[in-house]
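User: I would like to learn how to read a few features of a protein model. Please start with aromatic pairs.

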Amino acid sequence: QLPPLGVLAGQLQAQSAVLEVLQSEDLGLEFDQRLGSRRLVEDLLHASASGAAALPARPRDVPLSAILPCHRDSLRTRARLGAHDVVLADPGDLAVRADPDRLNQILTNVLSNAVRHGAPPIHVTAWADGDEVVIEVRDHGPGITPEHARLAFVRQWRAGPYAGAGIGLHLTQALVAAHGGSVEFVPVDGPGAAVQVRLPRS
C-alpha cells in the first residue's frame, strides 16, 4: 500500500520530480488525462521512493488490436497529425500480459516522446519474440546517440536532444519493469530513433 502522499512529498527528490511534470506545458501529451493527476503523482512518488519494481500492477490478457489503434488515433488528434504521420502495422492476434491502465501509460509516454523529441512519420510495430511481445515506436527526427540513449531513462536528465524526457521515460521504465519487461532505445538505419518495449506474451 502506498504511504500517504504528504509523507512521500516530503522527500526532496520526489517532490521536485512531481513539480516538474505538473508544470510541464506538454502534460496532456505525456500522460493520458483520464488516469487523473492523483495517480500520476502517486506513480512518480512511488517510483522515486520505492524503486522500479514497486509500482503495483494487475496484469491480464490485453489484445494489442484493442489498444494500439486507440493510441494511434488519440496521438493523431492530440498532436494534430495526419493519417500518414502515425502509422500502425496490424498487430494481428498478439496479446500481452499487462495491467491495462499501466499499458496505457507506457504507450502514451513512449508515443508522446516520439512526437516531442522526434518527427513524423511515427511507425508503431509489434511482433512476437519467444515468450515476449516487442512493441516498437520509431520516429524520423534527429535521432539519439548511444550515450544519450542510455541516459534518457535517468530521471531529470537534461543534456542532448531528449533533454527533459527523463521523467516520462523514467516512469515508463518503472512501469515496464513492474511487468517483468524491459524498454530501451535500439539502433536504426537512417534518421530517427526507435524505442522497443518488451512485455510478457499472453
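Analyst: Rings of Phe, Tyr and Trp (its six-membered ring) pair if their centres lie within 6.5 Å. A pair of aromatic rings is described by the distance of the centres and the angle of the planes. This is a predicted model, and a search of the whole structure finds one aromatic pair.

User: Which residues form the aromatic pair, and what are the distance and angle?

Analyst: The partners are Phe 153 and Phe 185, with 5.7 Å centre to centre and 55 degrees between the planes, a tilted pair. Distant parts of the chain are linked here: Phe 153 lies in the loop between helix H7 (146–151) and helix H8 (166–177), and Phe 185 in strand E6 (residues 182–186), 32 residues apart.

User: Is Phe 153 buried or exposed?

Analyst: The cut-off for buried is under 20% relative accessible area. Phe 153 has 7% relative accessibility, so it counts as buried. Phe 185, at 10%, is buried as well.

User: What does the side chain of Gln 196 contact?

Analyst: Gln 196 sits in strand E7 (residues 194–200) and is buried, at 11% relative accessible area. Its side chain makes a polar contact of 2.7 Å with the side chain of Glu 136. Among the other residues that Gln 196 touches are Trp 127, Val 134, Ser 182 and Val 186.

User: How should confidence be read?

Analyst: Where pLDDT is low, the predicted coordinates should not be read in detail. The protein has a mean pLDDT of 77, with 66% of its residues at 70 or more. Residues 1–37 have pLDDT below 50; beyond near neighbours in sequence, this stretch has 64 contacts in the model.

How values were computed. Residues numbered from 1 in each chain as written. Predicted model: local features only at pLDDT ≥ 70, side-chain atom pairs only at ≥ 80, totals over all residues. Heavy atoms only, no water. pLDDT = per-residue confidence, 0-100. Contact = heavy atoms within 4.5 Å. Phe/Tyr/Trp six-rings, centres within 6.5 Å; stacked < 30°, edge-to-face > 60°. Helix = DSSP H or I, 4+ residues; strand = E, 2+ residues; numbered from the N terminus. Buried < 20%, exposed > 50% of the residue type's maximum accessible area, 1.4 Å probe, protein only. Polar contact = N/O pair within 3.5 Å; in protein donor to acceptor, adjacent residues only side chain to side chain. Lists of a residue's contacts leave out its neighbours within four places in sequence.
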